[in-house]
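Please open the structure in a viewer and keep the selection tool at hand. The tour begins with the whole and then turns to particular places.

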Amino acid sequence: MPRLEELANVALRVPSILVLDLLYKCDIDGLTEHLKAKNEDMLFKYKYVIWNMYYLGHLINVVVLVLPLRHIVTLYLHILAALLLYVGHQISKDYVREEVQYGYEGAVYLDSLAFNRFVSALTSQIILSTLCAFLMKTRKVWLFSAHMLPLLARLCAAPHATLLTVNTFSMGLTGAGIAMFLLSNLFVPYRLARAAYSELLQLEVIELYRLLAVGISLWNQFAVPVLFSVFWFVLFVVQLCSDTMTGNASAGHQGIMFFLLTSVSECCATPYSLLGLTFVVSYLALGLLNLCKFYLGGYAAVQNENVMHRGVTEGVTLLLLALQTGLLDMQALQRTFLLSIILFIVVTSTLQSMIEITDPVILALGASRNRSLWKHFRGLSMCLVLLVFPGFMAYKISQFFHMDFWLLILVSSCMLTSLQVTGTMLIYSLFMVELFRSDPIDSLDEVIYWVNAVSRVLEFVVALCVVAYGTWESLFGEWSWMGASVIIIHSYFNVWLRAQSGWRSFLLRQEAAKKINSLPRATAEQLQQHNDVCSICFQEMSSAVITYCGHFFHGNCLRKWLYVQETCPMCHQAVRPSPPGPSQGSGDARQHRRRETRGQIWLHKTEIRPLAVLQRRPRVTQFLLERRQRRLRRPPVANLMKTHQTTITEKPSKAFVSAPVETLSAL
């Protein structure tokens with residue numbers, strides 16, 4: 001039953017939007033000019049009547065659109081009953097006309113033809129009256145039997161002139177009843193509006209968040225996205241059938257793609273249809289993104305929703321571009337070409353979202369050493385599609401339009417999608433090469449960084465060209481508030497924030513490299529005396545750097561750590577490019593010994609290790625197990641006291657020791 005209510009809630013509101021769309025397309029000015037050409041007096045009489053009817057039609061349909069569902073159902077039942085009454089009067093009118101033409105005024109049961117016509121008409125009238133009573137939920141069938149008066153008069157052998165009079169009287173009686181009913185319910189919309197206003201006052205929607213909650217509730221109650229999507233789909237099907245039946249020769253000569261684009265452009269000529277197309281594009285993008293998630297990760301990946309992967313970005317992009325370029329004010333052919341460019345941008349945005357879904361999946365397959373060939377095949381096939389399809393789109397649009405600077409920017413942004421996929425597949429290939437090597441690639445991190453950097457720089461250049469060209473068009477071309485707003489938003493999010501993030505990342509890497517180069521390298525004797533693994537990657541150290549707090553790390557591992565943190569992973573002292581002073585160094589050493597003692601006790605109790613590292617390196621796992629067995633043979637506190645020559649006097653701080661372990665686990 002709730003499903004039926006949801007279906008009725010959408011289906012019964014669609015006709016109101018269709019009527020509003022038709023009213024918007026009506027050329028009232030053209031109609032008044034036509035009346036003016038015929039007669040000046042007729043224009044004076046009917047001009048204001050036509051405009052009042054136009055505005056009244058808008059008002060009535062808007063009121064019907066926002067009515068509660070039960071009132072809409074009641075309204076449609078009354079409209080259906082009125083149609084049945086009209087059909088009944090048409091049957092009576094046809095019966096009276098046939099009787100007059102036949103010319104027989106005697107008793108109906110004495111003539112077989114007259115009797116058959118009478119029985120057929122009477123049966124139809126009884127059925128219609130019963131249906132009207134059923135729709136109005138009453139047993140008083142006689143209230144809807146006024147159209148049966150001509151039949152009763154004919155049964156009484158009334159003359160033909162009397163039949164015509166009785167037929168006219170029955171129509172007037174039905175019209176008077178309908179008028180009385182409308183007058184008695186004239187103020188129903190006003191009472192509903194007053195009741196809704198009273199409910200809003202009781203909710204105290206003066207505060208912004210309450211008003212927003214009420215708006216969201218009404219949005220969900222009216223099912224606005226589904227409602228406008230169904231409306232646009234109905235409009236598109238009607239337009240497609242109309243174009244197919246008329247046999248548009250030019251559209252058929254251009255091909256099926258141009259034919260579909262022409263039909264779509266005809267269905268976005270009004271604000272209502274443009275809003276419907278926005279929701280349809282949003283739902284199509286959402287379905288495509290969910291299909292991509294399902295193909296890569298199964299049903300569980302579809303359940304893990306991302307706010308940015310719901311198709312909202314694509315729908316909003318279509319709406320903003322249509323409003324900025326004045327799509328509604330163009331002719332049909334111009335609207336078709338402009339809509340094709342807008343849809344090209346929307347598809348490019350959808351492909352970008354698909355890359356954001358595919359990129360972490362394919363990189364995780366390479367980094368985690370996953371052995372499932374089917375998962376690798378799905379990831380690589382999706383990357384192949386995302387690599388080839390943008391090039392195909394760029395080729396098609398370059399064949400469809402004359403190449404200029406603006407179209408070159410669009411094609412470049414589309415080709416950047418293929419470039420990003422190429423970078424992702426290159427990083428995946430490096431991961432797979434490292435899998436079959438006995439020792440890891442030392443410069444893998446640098447290669448990955450520069451591959452991503454090249455892609456980001458090209459994206460930044462394209463975004464900068466878009467801003468420059470848009471600014472030029474706004475200053476020396478057609479300026480508008482909408483265009484200026486889009487340029488400002490694009491400049492901030494796609495140029496300024498992107499440049500700021502990239503420059504900050506570059507400076508962090510430069511600072512980390514400077515710190516690593518300033519640290520001393522461990523000698524072979526120091527490594528043999530240390531006899532431990534790197535605390536970051538848990539691998540044996542053939543070479544290492546020594547921090548000024550006395551800890552040994554791989555140079556590459558410590559550099560990756562310094563991209564995120566500027567302190568030592570073990571004791572949280574600042575890693576400086578120059579050695580500390582004597583007094584500061586002694587104080588830092590005492591603080592280091594105290595913190596290291598606490599950290600090692602806590603690590604001994606928890607034994608947290610990154611699972612992916614242990615799975616990837618069996619030798620490290622064996623080494624950790626042996627070290628744990630040695631620790632179990634000797635009390636850990638005595639071991640620590642022997643190593644550091646200090647006394648444990650207080651319980652380790654959980655807030656202090658949890659930070660480095662959590663950061664290590666994240667890395």
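The stops below proceed from the overall chain to a surface patch and then to a loop.

**The whole protein**

Begin with everything selected, bearing in mind that this is a predicted model. A cartoon display will present 28 helices and 2 strands. Of the 667 residues, 36% count as buried. The protein exposes about 40200 Å², and carbon and sulfur atoms supply 66% of that area. Among contacts between residues at least 6 apart in sequence, 70% join residues at least 24 apart.

**The nonpolar patch**

Next, select V226, V230, V234, V238 and Y283, and switch to a surface display. These residues form a nonpolar patch on the surface, and together they have about 370 Å² of accessible area. Which helix gives the most to this patch? It is helix α11, residues 224-246, which contributes 4 residues.

Remain on that helix and select V238, which lies in α11. Is V238 buried or exposed? Its relative accessibility is 54%, and because the threshold for exposed is over 50%, V238 counts as exposed.

Finally, move to N531. This residue is found in the loop between α22 (524-530) and β1 (545-546). N531 has a relative accessible area of 62%, so it too is classed as exposed.

Note on methods
Residues numbered from 1 in each chain as written. Predicted model: local features only at pLDDT ≥ 70, side-chain atom pairs only at ≥ 80, totals over all residues. Heavy atoms only, no water. Patch = residues over 30% accessible without salt bridge, like charges linked within 9 Å, V, L, I, M, F, W, Y side chains within 5 Å. Areas by Shrake-Rupley, 256 points an atom, 1.4 Å probe, with all protein chains shown as cover. Salt bridge = Lys/Arg side-chain N within 4 Å of Asp/Glu carboxyl O. Buried < 20%, exposed > 50% of the residue type's maximum accessible area, 1.4 Å probe, protein only. Contact = heavy atoms within 4.5 Å.
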